[in-house]
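Dear colleague,

Please find below the sequence and structure that I am handing over to you. My notes on what was found follow directly after.

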Amino acid sequence: MKYLDLKAQYTEMAGEINSAISRVITNCSFIGGEEVKTFENEFKKKFEAPYFVSCGNGTDALFIALKAAGIQSGDEVITTAISWISTSEVISLAGAKPVFIDIDDYYCINADKIEEKINSKTKAIIPVHFYGQTCDMDKINRIAKKHKLLVIEDCAQAHLSEYNGIKSGLMGDFGTFSFYPGKNLGAYGDAGGLIVRDYNYYKRCKMFANHGMYEKRHLHIIEGMNSRMDGIQAAILSVKLNYIVEWTEKRIKIAKLYDKYLSEIENIIIPKIRPNSKHSYHVYAIKATKRDQLKDFLTKNNIETSIHYPNALPFMPCYEHMSLKKDDFINAFSLSNTELSLPIYPEMREEQVKVVADMIIKFYENINNF
Ligand SMILES: *Cc1c(COP(=O)(O)O)cnc(C)c1O
């Protein structure tokens with residue numbers, strides 16, 4: 001069994017996808033153009049976004065937000081200790097310094113530890129809605145307001161997640177998305193975009209993503225970069241956008257099944273749900289005793305799993321110069337050593353969930369042999 005079966009999804013919608021792709025090729029609408037405009041408008045509607053800018057990928061989306069916000073050398077940006085590297089590398093790329101905070105019980109940035117890291121250099125916070133679960137946005141927004149910081153929500157794993165009934169990406173100043181093929185809304189190549197709340201920031205993002213031009217070609221108002229969505233990805237994403245609500249519900253259903261089958265196992269911690277929030281289960285993450293042995297056992301029994309992520313950011317070689325201490329990131333360290341991501345995708349069948357759960361139960365019944 002695959003961890004993520006993209007082929008199953010394609011098979012269900014091959015006709016629609018193929019005709020979208022050939023339409024783009026027939027119209028030679030390769031970069032930007034009508035297909036991208038259509039996707040941007042449809043995304044805005046579905047995600048209730050005031051403004052939305054498409055771009056090349058989710059990493060660029062974060063970078064564009066930081067640049068539009070004026071983040072520069074000498075600044076500090078606060079973020080979580082465990083995420084995909086994009087979240088912190090773009091801070092350095094913008095010339096600023098990433099400041100890491102340990103995670104809470106929901107595996108997101110611990111909002112109670114943010115304030116102690118704020119100083120006169122701090123300019124922004126990047127909360128990551130990790131695995132598909134939203135951060136404690138009330139607390140984060142309260143802190144941001146008090147200290148006049150910008151909030152950039154990293155929604156790469158959290159399409160249509162909610163907090164207090166509000167969709168991810170709508171609570172901060174910016175909400176960045178990845179449409180990497182494996183994400184909950186995935187293109188057939190790299191693609192990304194960002195929700196922007198303020199019109200002036202929107203304009204800056206749009207300019208920055210396309211060489212500093214705004215509406216008029218060959219007039220470069222600022223220096224920017226080339227980070228544009230291509231027509232084929234936009235056309236594919238427009239098709240998939242019609243299914244994202246249904247797919248999210250299916251993920252939640254699968255997660256509930258896992259919860260039911262696994263909740264009694266002593267050696268496992270199933271995901272906790274933050275009160276008043278909706279988890280979109282990009283990842284169904286358990287914390288497991290003897291994680292590596294369990295992973296091997298599942299692999300031997302043809303069940304593919306994944307680890308998100310085996311190293312927390314403060315302990316990566318690229319941040320060695322910061323000399324960060326394990327004691328300050330106990331939860332992130334523990335997660336990276338015990339987390340296991342179980343197969344989850346909308347097309348997964350209920351019997352398959354049971355097969356995974358049974359195999360995990362079998363492992364722990366024989367745990368002394370491992
Ligand atoms: C995937 C991901 C990104 C980066 O997205 P790309 O489209 O791969 O550049 C950023 N942040 C998080 C949390 C992610 O999971």
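A polar contact, as the term is used here, is a pair of N or O atoms within 3.5 Å. Please also bear in mind throughout that this is a predicted model.

I begin with the ligand. Which residues come nearest to the ligand? There are 14 residues around it, and of these Gly58, Thr59, Asp154, Ser178 and Lys183 come nearest. Three of these side chains can be described in detail. Asp154 places a polar side-chain atom 2.8 Å from a nitrogen atom of the ligand. For Ser178, a polar side-chain atom lies 2.7 Å from an oxygen atom of the ligand. Lys183 likewise has a polar side-chain atom 3.1 Å from an oxygen atom of the ligand. The ligand has 380 Å² of accessible area on its own, and the protein covers 93% of that area.

Ser178 leads on to strand β8, which spans residues 174–178. Is this strand mostly covered or mostly exposed? It is mostly covered, with 5 of its 5 residues buried. In a regular strand the side chains alternate between the two faces of the sheet. In β8 both faces are covered: Phe174, Thr176 and Ser178 are buried on one side, and Gly175 and Phe177 are buried on the other.

The pairing of β8 is as follows. Strand β5 (residues 150–154) runs parallel to β8 and is joined to it by 3 bridges. Within that pairing, Gly175 in β8 is the bridge partner of Glu153. Strand β9 (residues 192–196) runs antiparallel to β8, with 5 bridges between them. Here Ser178 stands opposite Gly192 in β9. Ser178 therefore takes part in two of the features described so far: it faces Gly192 across the strands, and its side chain has a polar atom 2.7 Å from a ligand oxygen.

The loop between β8 and β9 holds Tyr180. Is Tyr180 buried, partly exposed or exposed? Its relative accessibility is 46%, and Tyr180 therefore counts as partly exposed, since that class lies between the 20% limit for buried and the 50% limit for exposed. Not counting residues up to four places away in sequence, Tyr180 touches Leu185, Gly186, Ala187, Gly189, Asp190 and Ala191. Tyr180 and Ile273 are 93 residues apart along the chain, and their C-alpha atoms are separated by 25 Å.

Glu35 gives another case to examine. This residue is found in helix α2 (residues 33–46). Glu35 has a relative accessible area of 8%, so it is buried, the limit being under 20%. What does the side chain of Glu35 meet in a polar contact? It is joined to the side chain of Arg23 at 2.8 Å. Beyond its neighbours within four places in sequence, Glu35 is in contact with Arg23, Val24, Ser29, Gly231, Ala234, Ala235 and Ser238. Glu35 and Ile236 are 201 residues apart in sequence, yet their C-alpha atoms are 9.4 Å apart in space.

The largest nonpolar core contains 36 residues, among which Ile78, Ile114, Phe130 and Ile140 touch the most other members. Two or more residues of this core come from each of β3 (97–101), α5 (137–147) and α10 (330–338). The largest contribution is that of α5, with 4 residues. Leaving aside its neighbours within four places in sequence, Phe130 is in contact with Ile82, Ser83, Tyr107, Cys108, Gln157, His308, Tyr309 and Leu335.

β10 pairs with β12 (residues 284–288) over 2 bridges, and Ile269 stands opposite Lys287 in β12.

The other open sheet also has 3 strands with antiparallel pairing, in the order β7-β6-β11. At its edges stand β7 (166–167) and β11 (277–278), each with a single partner strand, so one side of each lacks a neighbour in the sheet. β6 (residues 162–163) is joined to β7 by 2 bridges, with Glu162 opposite Lys167 in β7.

With kind regards

How values were computed: Residues numbered from 1 in each chain as written. Predicted model: local features only at pLDDT ≥ 70, side-chain atom pairs only at ≥ 80, totals over all residues. Heavy atoms only, no water. Core = buried A, V, L, I, M, F, W, Y, C linked by side-chain atoms within 4.5 Å. Buried < 20%, exposed > 50% of the residue type's maximum accessible area, 1.4 Å probe, protein only. Contact = heavy atoms within 4.5 Å. Near = heavy atom within 4 Å. Polar contact = N/O pair within 3.5 Å; in protein donor to acceptor, adjacent residues only side chain to side chain. Areas by Shrake-Rupley, 256 points an atom, 1.4 Å probe, with all protein chains shown as cover. Pairing = 2+ DSSP bridges.
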